[in-house]
Protein chains: 2
Amino acid sequence: MPAKVTALRTRDRESEATRRAILDAAEQLLATVGEQGLSIREVCARAGVTAPTIYHHFGDKAALVARVVDDCFADFASAFAHRAAPHDPVEALRWAFDRYVEYGLGHPTHYRLMFGNRPSRPSPAGLASYDGLRRRVMAIADAGRLAPPLEDATAAFWAAVHGVTSLVISEFWSPDNAAIALVRDAMVDQLITPKPVPARRTKGASK
Amino acid sequence: MPAKVTALRTRDRESEATRRAILDAAEQLLATVGEQGLSIREVCARAGVTAPTIYHHFGDKAALVARVVDDCFADFASAFAHRAAPHDPVEALRWAFDRYVEYGLGHPTHYRLMFGNRPSRPSPAGLASYDGLRRRVMAIADAGRLAPPLEDATAAFWAAVHGVTSLVISEFWSPDNAAIALVRDAMVDQLITPKPVPARRTKGASK
DNA sequence: TCACCAATGTAACACCGCTATAGCCAGGGC
DNA sequence: GCCCTGGCTATAGCGGTGTTACATTGGTGA
């Protein structure tokens with residue numbers, strides 16, 4: 001088996017290079033003009049290929065975008081991985097909240113792509129991201145400090161952080177708005193057990 | 001001055017009827033296929049007009065959509081007006097939270113149009129809606145029970161309710177999820193002063 | 001009555017996502 | 001060494017989109 005495994009055949013290499021060129025062009029365009037403004041023809045021009053090539057490799061405009069979004073999720077995950085979280089699980093959750101908002105502010109178009117309001121597109125990478133948040137909440141539960149059930153707590157925290165990030169991105173808020181910390185601390189305080197008292201409030205939860 | 005004021009001239013009446021036909025067709029289409037799927041030509045077919053008529057009256061596809069969105073805000077506001085809120089301002093805020101989510105669940109496409117993540121479209125009707133929320137929070141402040149500054153409290157509450165509604169609409173949650181009440185109560189509890197103490201919170205607000 | 005002008009239609013432009021078809025050419029069997 | 005196969009790419013085009021220049025009509029104010 002001479003060069004069958006060690007090196008890619010020249011055809012495969014060229015094909016892979018074409019895929020990369022297309023993905024790079026698409027990502028660059030998505031970051032600037034968004035999914036709405038993304039045109040296959042413009043991707044073609046930037047990548048130096050023609051339309052059938054794109055459709056051969058990715059099948060669809062939506063699939064091409066989904067592929068780029070997956071890369072965005074990877075980038076998003078690394079934004080967490082590259083920084084050290086506090087050891088205390090509660091402080092780590094607060095920290096994650098800030099990183100989340102920070103990322104959305106730094107990559108508004110990517111954020112919109114990943115968590116935009118297009119009807120339920122449960123990408124695997126998105127679910128993995130959600131699972132990362134669940135693990136952080138679980139760390140609090142493991143420390144015996146989580147008040148509500150795990151799933152409820154995770155979902156509630158995710159909703160709050162998403163609401164805040166959405167508003168920051170839409171420039172409704174300035175990034176240093178005190179309301180951000182207000183939402184963050186409201187959620188964290190509600191999630192952890194108070195001090196000694198188990199839980200007192202029973203106000204009507206369902207409508 | 002015979003029929004100058006008492007009755008509209010026939011031309012104006014016809015013109016207004018045309019506008020209404022276009023708006024009705026557009027609203028119906030927007031509710032079913034969303035802004036993305038809305039086609040001027042389809043609106044033309046349903047309203048029984050041709051394209052230049054639409055452009056003459058509304059100027060733009062975006063302007064037409066914006067006009068429909070304004071009507072949506074009016075509908076949204078009436079969803080609040082037609083129901084009696086609790087007298088207690090804190091309970092009224094909790095109630096507003098539920099009505100908000102309820103409306104988003106009942107009119108997901110309209111909600112996406114109104115509060116979707118398109119980069120900052122500060123429609124007057126949208127600002128009026130936000131102002132309605134601010135008044136509710138101000139009622140709590142007037143009762144001497146609001147802990148944070150008014151603007152921060154309003155913004156935080158709005159972010160939380162928007163995050164929850166977004167997730168409910170995207171079918172990430174079921175409408176009776178316990179997490180909804182969790183976010184609601186977390187925000188309300190954080191907004192009101194604990195017991196008798198005027199204002200206490202000093203937790204790290206800026207990052 | 002009559003000229004004006006708002007309102008509407010005709011036809012077209014430039015662009016879009018997408019694809020049927022055909023050609024190129026590296027790779028592998030003979 | 002040759003030819004054939006098949007993956008990859010380009011040409012050209014389809015039906016659709018938002019938008020607009022231009023022509024036309026018919027109420028309306030003078």
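User: Which residues is A156(A) in contact with, leaving aside its neighbours within four places in sequence?

Analyst: A156(A) is in contact with M187(A), A179(B), L182(B) and V183(B). Contact here is defined by C-beta atoms, placed from the backbone, that lie within 7 Å. This is a predicted model, where local features need pLDDT of at least 70, side-chain atom pairs count only at pLDDT 80 or more, and totals for chains, interfaces and linings use all residues. Residues are numbered from 1 along each chain as its sequence is written, while chains are lettered from A and ligands numbered from 1 in the order in which they are written.

User: Which residues touch the most other members of the largest nonpolar core?

Analyst: The largest nonpolar core has 97 residues, and A156(A) is among those touching the most other members, along with residues including F157(B) and V183(B). Such a core is a set of buried Ala, Val, Leu, Ile, Met, Phe, Trp, Tyr and Cys residues joined through C-beta atoms within 7 Å.

User: Why is D70(A) called partly exposed?

Analyst: Count the other C-beta atoms within 10 Å of its own: 20 or more makes a residue buried, 12 or fewer exposed, and anything in between partly exposed. D70(A) has 16, so it is partly exposed. D70(A) sits in helix α4 (residues 61-81) of chain A, and beyond residues up to four places away in sequence it touches S123(A) and A125(A).

User: What makes α8(B) largely enclosed by the rest of the structure?

Analyst: Of its 20 residues, 18 are buried, so the rest of the structure largely encloses α8(B).

User: Why are α5(A) and α7(A) called roughly antiparallel?

Analyst: Angles run from 0 to 180 degrees between N-to-C directions of axes fitted to C-alpha atoms, for helices over the stretch in contact. Under 35 degrees counts as roughly parallel, over 145 as roughly antiparallel, 65 to 115 as roughly perpendicular and the rest as oblique. The axes of α5(A) and α7(A) cross at roughly 160 degrees and come within 8 Å, and these helices are therefore roughly antiparallel. Among the residues that meet there are L93(A) in α5(A) and I140(A) in α7(A).

Definitions and conventions
Helix = DSSP H or I, 4+ residues; strand = E, 2+ residues; numbered from the N terminus. Contact = placed C-beta atoms within 7 Å.
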